[in-house]
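Please look at the chain below with an eye to its aromatic rings and its strands. The report that follows takes these two topics in turn.

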Amino acid sequence: MIMGGGKAGGGGMDGCARPGDRARLLHRRSFLAGASAGLGALGLGGCATSDGLILAEARRTYGPMPDEKFAIPAVDISKVDPKFYRRTVRYESKEAPGTIVVDPSNFYVYRIEGEGSATRYGANVGRDGFLWSGDAYVGRKSEWATWTPPKEMIRRQPEAAKYARGMPGGLDNPLGARTLHLYQNGAYTLYTIYASSDPETIGTGITSGCVGLLSQDMIHLYAQTPVKTKVVVLPA
């Protein structure tokens, strides 16, 4: 589907999957593909303290979520570049507060907060040939959604056929704990912003056009995003 001048190569019904399936195809990851500033002037002791504070905050931010319908484990933050940790940043934009901006070139998703600031999340994005750009909006929201592979994916990955009638929500489900379904002109685009439990995918292009955030980040964004929220996907 062509989206605002960008292109995608075969993403389908909740089917933004990663290639290179190997023996792990039936595992969640098989279907989904998919720095802090230096303080050298403060001396080694200052850097160590700063790094320690960053790591401590990351452990709190990405800790376990045992009260979810399916208990979400802590993120192994050693697998995530610190520049992709959630944080509030300066971000000038003409978009209204609440707007979601996807920057696939830099693997970031922003939620505009207004007054020149935004909440920034690290993300995985579409791989080469599956990138798209343009404006959309959140037409539907799902918690622990059922995932249905598209026909295109089943043709590429016959092992996915067992889920042709839907894969129930859960930790192994490709859509994860929360999903924002993207629409244009009343029609589902087949693209989503979804929750990923694969920290090593953040900062990479692995999907068929969907955008993945760490589960803890996606739950944070989801809670602040009503239906009809505008989503802007920048050119890669």
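## Rings and strands

Arg120 lies over the face of Tyr108, at 4.2 Å from the ring centre, where a charge counts as sitting over a ring if NZ of Lys or CZ of Arg is within 6 Å of the ring centre and within 35 degrees of the ring normal. This is a predicted model, in which local features need pLDDT of at least 70 and side-chain atom pairs count only at pLDDT 80 or more, while totals for chains, interfaces and linings use all residues. Residues are numbered from 1 along each chain as its sequence is written, and side-chain values use heavy atoms, with hydrogens and water left out.

| Charged residue | Ring | Distance to ring centre |
|---|---|---|
| Arg120 | Tyr108 | 4.2 Å |

Rings of Phe, Tyr and Trp (its six-membered ring) pair if their centres lie within 6.5 Å, and planes under 30 degrees apart count as stacked, over 60 as edge-to-face and the rest as tilted. By this rule there are nine aromatic pairs. In one of them, the rings of Tyr62 and Tyr85 have their centres 6.1 Å apart and their planes at 50°, so the pair is tilted. The two residues are 23 residues apart, and both Tyr62 and Tyr85 lie in the loop between helix H2 (43–61) and strand E1 (87–90). Tyr62 and Tyr85 are both buried, meaning under 20% relative accessible area, with exposed over 50% and partly exposed in between (1.4 Å probe, protein chains only).

Helices (H or I, at least four residues) and strands (E, at least two) are DSSP runs, numbered from the N terminus, and the protein has four helices and 11 strands. Two strands pair if DSSP finds at least two bridges between them. Strand E2 (residues 100–103) runs antiparallel to E3 and is joined to it by four bridges; Asp103 has Tyr108 in E3 as its bridge partner. The hairpin of E2 and E3 has four residues between the strands, and Phe107 in the turn has a positive phi of about 65°.

E3 also pairs with strand E4 (residues 117–122), in the antiparallel sense over six bridges, and Val109 has Tyr121 in E4 as its bridge partner. Six of the seven residues of E3 (residues 108–114) are buried, so this strand is largely enclosed by the rest of the structure.
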